[in-house]
Amino acid sequence: GVAISTYAKYCYNKLQKAALTGAKKGLKKPNIEEIRHAKNAVFNPSMFGSSLQDIITMQKERYPDRQLPWVQTRLSEEVLALNGDQTEGIFRVPGDIDEVNALKLQVDQWKIPTGLEDPHVPASLLKLWYRELEEPLIPHEFYEQCITHYENPEAAIAVVHSLPRINKMVLCYLIRFLQVFVQPANVAVTKMDVNNLAMVMAPNCLRCQSDDPRIIFENTRKEMSFIRVLIQHLDTSFMEGIL
């Protein structure tokens with residue numbers, strides 16, 4: 001009883017994304033559960049590749065009081081629970097891709113992850129979630145302001161506070177999370193100082209729309225600097241206790 005156009009639109013969107021990102025990564029073929037999940041995805045949208053607003057709408061039934069995406073907070077908590085802040089190369093070293101795919105399936109079915117041992121797995125999936133957002137965490141219309149004010153803490157913070165509320169909340173949660181990792185005692189073990197964290201996280205927050213390699217190269221440096229400034233200077237204390 002579902003219109004063919006509903007399936008057609010969904011498949012068209014999936015093909016567009018596949019053309020940009022390539023096929024599913026990993027050694028294993030899709031298992032039965034993954035295939036079943038993919039077949040139902042047209043009726044139960046994924047938390048990966050959706051917009052922030054759609055994700056909040058999706059979770060209203062399960063978590064009506066949550067202000068932040070469950071997937072974001074759940075994976076962040078999992079990284080810390082597995083001592084990710086005491087793990088060398090966290091966010092730089094990729095998790096086993098098949099384990100990441102398995103965790104993605106679990107999380108997309110609103111299941112609390114079980115049996116995880118390697119913090120690189122939830123860390124990799126968390127980065128993927130940010131990267132695959134339908135619109136970048138910092139929307140396109142704010143991009144020029146970000147790369148203009150990449151060295152000015154006051155102006156950079158002003159950009160954050162001018163974002164739509166859900167984008168601001170999600171970004172501030174991420175920055176507060178990263179501020180845990182830049183504590184000197186943690187950096188001594190992880191070898192991931194503020195520069196390294198900014199380098200691996202900036203592409204998940206900002207997307208340059210230019211096709212010019214020179215502009216992309218130049219802006220990459222500014223994107224990293226913008227995120228570094230936020231980690232160093234953004235007061236995220238107001239996010240304490242917010243989920």
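Along the sequence, the protein chain runs in the pattern α-α-α-α-α-α-α-α-α-α-α-α. It holds 12 helices and 0 strands, where helices (H or I, at least four residues) and strands (E, at least two) are DSSP runs numbered from the N terminus. The model is predicted, so local features need pLDDT of at least 70 and side-chain atom pairs count only at pLDDT 80 or more, while totals for chains, interfaces and linings use all residues. Residues are numbered from 1 along each chain as its sequence is written, and side-chain values use heavy atoms, with hydrogens and water left out.

Of the 243 residues in the protein chain, 45% are buried. Buried means under 20% relative accessible area, exposed means over 50%, and partly exposed lies in between, with a 1.4 Å probe and protein chains only. A contact is a case of heavy atoms within 4.5 Å. Among contacts in the protein chain between residues at least 6 apart in sequence, 78% join residues at least 24 apart.

## Helix pairs

Two packed helices are described by the angle between their axes and the distance between the axes. Here the axes are lines fitted to C-alpha atoms, for helices over the stretch in contact, and angles run from 0 to 180 degrees between N-to-C directions.

| Helix pair | Angle | Axis distance |
|---|---|---|
| α5 (residues 97-108) and α6 (residues 120-132) | about 65 degrees | 9 Å |
| α6 and α11 (residues 194-205) | about 35 degrees | 7 Å |

In the second pair, the contact is made by Lys-127, Tyr-130 and Arg-131 of α6 and by Val-200, Met-201 and Asn-204 of α11. Sorted by class, the contact of α6 with α11 has 3 nonpolar, 1 polar and 2 charged residues. The classes are nonpolar for Ala, Val, Leu, Ile, Met, Phe, Trp, Tyr, Cys and Pro, charged for Asp, Glu, Lys and Arg, and polar for the others, Gly among them.

On the α5 side, the residues in the contact are Glu-99, Val-100, Leu-103, Lys-104 and Val-107, and they meet Val-121, Pro-122, Ser-124, Leu-125, Leu-128 and Glu-132 in α6. The contact of α5 with α6 has 7 nonpolar, 1 polar and 3 charged residues.

## Helix α11

Helix α11 has 12 residues and reaches 15 Å from its first C-alpha to its last, close to the 16 Å expected at 1.5 Å a residue. The expected span is 1.5 Å times one less than the number of residues. Buried in α11 are Val-194, Leu-197, Ala-198, Val-200, Met-201, Ala-202, Asn-204 and Cys-205. The cover over these buried residues includes α6, α9 and α12 (213-233).

## Helix α4 and Ser-76

Helix α4 also has 12 residues, which should span 16 Å at 1.5 Å a residue, and its end C-alpha atoms are 16 Å apart, in agreement. The buried residues of α4 are Trp-70, Val-71, Gln-72, Thr-73, Arg-74, Leu-75, Ser-76, Glu-78 and Val-79. Their cover includes α3 (52-59), α5, α6 and α9 (165-181).

Ser-76 sits in α4 (residues 70-81) and has a relative accessible area of 1%, so Ser-76 is buried. Apart from neighbours within four places in sequence, Ser-76 is in contact with Leu-126, Tyr-173 and Phe-177. After α4 comes Asn-83, whose phi is positive, near 60 degrees.

Met-58 lies in α3. Not counting residues up to four places away in sequence, Met-58 touches Pro-45, Ser-46, Met-47, Ser-50 and Trp-110. Its C-alpha is separated by 9.4 Å from that of Pro-69, 11 residues apart along the chain.

Arg-62 is placed in the loop between α3 and α4. With 47% relative accessibility, Arg-62 counts as partly exposed. Arg-62 and Trp-110 are 9.2 Å apart in space, C-alpha to C-alpha, and 48 residues apart in sequence.

## Cysteines

A disulfide is a pair of cysteine sulfur atoms within 2.5 Å, and by this rule the count comes to 0 disulfides. For Cys-146, the closest cysteine sulfur is in Cys-205, 9.6 Å away, which is too far for a bond. Cys-146 counts as buried at 0% relative accessibility, and Cys-172 counts as buried at 0% relative accessibility.
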